[in-house]
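Me: I would like to go through the labels attached to this model and the cut-offs behind them. Please set each value against its definition.

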Amino acid sequence: MVRFLILSGYFELMMYLQVTGKLNQFINIHYRYLAILSMIISLLLALVQLYFWVKQEPEPEHHHDDEHQHGLEKKHQRVIAYFLLALPIIVGLFFPTVSLDTTIVEAKGFNFPLSEESVGDPEMTTQYLKPDTSLYFNKEDYDTQMDAALARYAKDETIAVTEENYLEVMELIYTYPSEFIGKKITYDGFVYHADQDDANEIFLFRFGIIHCVADSGVFGLRVELPQQTTAENNQWLHVEGTIQSKYYQPFKRDLPMVVADQEKTIEAPENQYVYRAF
C-alpha cells in the first residue's frame, strides 16, 4: 500500500507541476515530454501496486515476516527507505518555488565565465553572462555545432534576440565577439546595476536553463544606456543598440556590450526564464 501511495504521489506531483506551470522552473521546457512520460509510468506502476495489494491474500504474521522482509529486515530501515522515496514529493508539493531576480545576483556576485555554487553540491554549477554548452559535447562536436549556429547570423546586420534563440545568441556573442562587433541588436531583459558602475551602465539579464535547474544561470550583456538615462534593479527593458567591446575593470578583461540607441520600459513576461534549444 505504501508503494502505491508513493508512486501515485509522483504522478500527482508531475501533474501538479504541469497544471500550475511550475515545471518550467525546474527543467528545460523542450524536455517536457520526459516529464509527461514519467507521469504516465508512475501512474501505471501505481496501478500495478494497487492490483497486487488488493489481490494479496491474508497470511499468517510469522509467514509474512519470513517472506517479505528479506530486503529491509528492520522496520526503521523500511521507514527510512520510504521517507527518502517520498522526499521529492514532499519538497515539490509543500515547499514554495521562488522566481529569481537581482537579489540572487547581489547575494552571490557573478564571475566570468563560470562560478561554482556555494551550496555544498559539487555537481551544481551556476553559469553567468555566457551560456556554455561545451560542457556537454566533445570539442569537435561543439565546434561543429557552434559554426553552424554562427552561420545562421553571419549575414544579419541586426540580431533580433527572442526567447527562443536568447541563449544561443548570447553564447555566440561571447564565443565569437569579433563576428558581432558593429552589428545591431535588440533584446529584452531585467536590469542589474553594479554599485561600482556608472549610473547609465547596467547589465541586462535573463535567467536561463540549459538542461535543468542544476545548470541554470543568469545570462546577458553589459549595456550602456543613453546619457542621463538610469534604470532600477529588476526593471524590465527593451533595448536597441550596437554591439561593441569595452574593458570591464572588475573582470579585468574586455566584454561585449551594447551601446543603446533606444530603450523603453516593458512589462515582465509571464515566464521570465529562457531555455536552450538543441
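Me: What makes Phe 190, Tyr 192, Phe 203, Phe 205, Phe 207, Trp 236, Tyr 248 and Phe 251 one aromatic cluster?
Reply: These eight residues form one aromatic cluster. Rings of Phe, Tyr and Trp (its six-membered ring) pair if their centres lie within 6.5 Å; planes under 30 degrees apart count as stacked, over 60 as edge-to-face and the rest as tilted. The structure holds 8 aromatic pairs. The model is predicted: local features need pLDDT of at least 70, side-chain atom pairs count only at pLDDT 80 or more, and totals for chains, interfaces and linings use all residues. Residues are numbered from 1 along each chain as its sequence is written, and side-chain values use heavy atoms, with hydrogens and water left out.

Me: Why is the pair of Phe 190 and Trp 236 called tilted?
Reply: The centres are 5.9 Å apart and the planes make an angle of 55°, so the pair falls in neither the stacked nor the edge-to-face class. Phe 190 lies in strand 4 (residues 184-192) and Trp 236 in strand 7 (residues 236-248), so the pair ties together parts that are 46 residues apart in sequence. Strands here are DSSP runs (E, at least two residues), and helices are runs of H or I of at least four, both numbered from the N terminus. Phe 190 and Trp 236 are both buried.

Me: What makes the pair of Tyr 248 and Phe 251 edge-to-face?
Reply: Its planes are 85° apart, with 5.1 Å from centre to centre; the angle is therefore over the edge-to-face cut-off. Both residues are buried.

Me: Why is Gln 228 called exposed, and Asn 234 partly exposed?
Reply: Buried means under 20% relative accessible area, exposed over 50%, and partly exposed in between (1.4 Å probe, protein chains only). Gln 228 has 76%, so exposed applies; Asn 234 has 33%, so partly exposed applies. Gln 228 is in the loop between strand 6 (217-224) and strand 7, and Asn 234 is also found in the loop between strand 6 and strand 7. Phi is near 70° in Gln 228 and near 75° in Asn 234.

Me: How do you know where confidence is lowest and highest?
Reply: By pLDDT, the predictor's confidence in each residue, from 0 to 100. Strand 1 (residues 114-116) has the lowest mean, 39, and strand 3 (residues 158-160) the highest, 96. Over residues 112-124 the pLDDT is below 50, and beyond near neighbours in sequence this stretch has 26 contacts in the model (heavy atoms within 4.5 Å). Where pLDDT is low, the predicted coordinates should not be read in detail.
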